[in-house]
Amino acid sequence: MAPDLLDEVFPPAVRMRLEDVADLQLPYGVSAFGTPEVDAALAASEVLLTGWGCPPIDEKVLGRAPRLRAVIHAAGTVKPFLSPEVYERGIAVSSAAAANAVPVAEFTLAAVILGAKRAFPLASLYRQRRTGRTDDDLRSHHWLGTNGLTVGVIGASRIGRRVIELLRVLDVRVLLHDPYLTTAEAELLGAEPVDLDSLMARSDAVTVHAPDTEETRGLLDARRLGLMRPGALFINTSRGRLVDTEALTRELVSGRIDAVLDVTDPEPLPAGHPLWGLPNVFLTPHLAGAQGNEIGRLGALAVDELDRFARGLPLNHPVLADELERIA
């Protein structure tokens, strides 16, 4: 992983535990393969502990790592750097995506609460006028508050499931769309399984937690966005490419719906894009995932996995080859 991330991913207490569990071949971290020192470390290593900035682990690298038995990733997705040969060699793979899901789900819950309260457009109006609110300010919105709200969750990913769990603190009904989930599985999560069109049409707030795959790109097009109720809230902390940006922009410029967008397509939006200036749009710079002190959760999970692997126990967070096509 990128060496400058080591102290954030492994804060002192986590680093001490890591050093108790493992014999670190390269304790200062590396962000490239191919030097004599790194080749010697690869030859001796049974586990690669990876993170953001990891170079490709391909057939050439694997050829230098004859003892390698596991890749434990102290970050989210492994897809950008992991080659199929890793699985072909029977190497176990684990990811800390579950730890990264925690702050994203917390961000989403906050977005639901603040968005339902119309905090963003009303705060914009407050700053502009610098006078107290009026009853007309409140009546201009279709609804205010979370009581009795219907929240639609797109994707029963790690984040989607965590969001559903956190939503239990509110008096809301949860709809869930995920084509890979059975009705019984959805109901066990405490959600009503529905098709995507029904979710878009019935929800007061829609939050996106599906992965960015060929199947999901452009999933939320003009027709589906048009199904949303007037005054509905749209939240995207997943990937901008899942949404037709032009169609979403038209809906938001019209004022028909509100949005909290942590991701866009493109990212960032061009300087002159209309979404920058809309009072009913709250834009954030892709910060819902682990930041600051949240990053240490990723290292702690990775060390937990490393400890389990060292003791011959099953990994708690495996990434299986047949899952790669449909996960983030």
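Visitor: What should I know before we start?

Guide: Residues count from 1 along each chain as its sequence is written, and side-chain values use heavy atoms, with hydrogens and water left out. In this predicted model, local features need pLDDT of at least 70 and side-chain atom pairs count only at pLDDT 80 or more, while totals for chains, interfaces and linings use all residues.

Visitor: How do you know what kind of aromatic pair Phe-120 and Phe-282 form?

Guide: Rings of Phe, Tyr and Trp (its six-membered ring) pair if their centres lie within 6.5 Å; planes under 30 degrees apart are stacked, over 60 edge-to-face, and the rest tilted. Here the centres are 4.1 Å apart and the planes 15 degrees apart, so the pair is stacked. By this rule the count is one aromatic pair.

Visitor: What makes Arg-118 count as sitting over the ring of Trp-143?

Guide: The rule asks for NZ of Lys or CZ of Arg within 6 Å of the ring centre and within 35 degrees of the ring normal. Arg-118 lies over the face of Trp-143, at 4.2 Å from the ring centre. The charged end of Arg-326 also sits over a ring, that of Tyr-180, 4.8 Å from its centre.

Visitor: Why do strand 1 and strand 2 count as paired?

Guide: Two strands pair if DSSP finds at least two bridges between them. Strand 1 and strand 2 (residues 70-73) have four bridges, in the parallel sense, so they pair. Three strands form an open sheet in the order 1-2-3.

Visitor: What makes strand 1 (47-50) and strand 3 (92-95) edge strands?

Guide: Each of them pairs on one side only.

Visitor: Why does Pro-230 get its accessibility label?

Guide: Pro-230 has a relative accessible area of 45%, so it's partly exposed.

Definitions and conventions: Buried < 20%, exposed > 50% of the residue type's maximum accessible area, 1.4 Å probe, protein only. Helix = DSSP H or I, 4+ residues; strand = E, 2+ residues; numbered from the N terminus.
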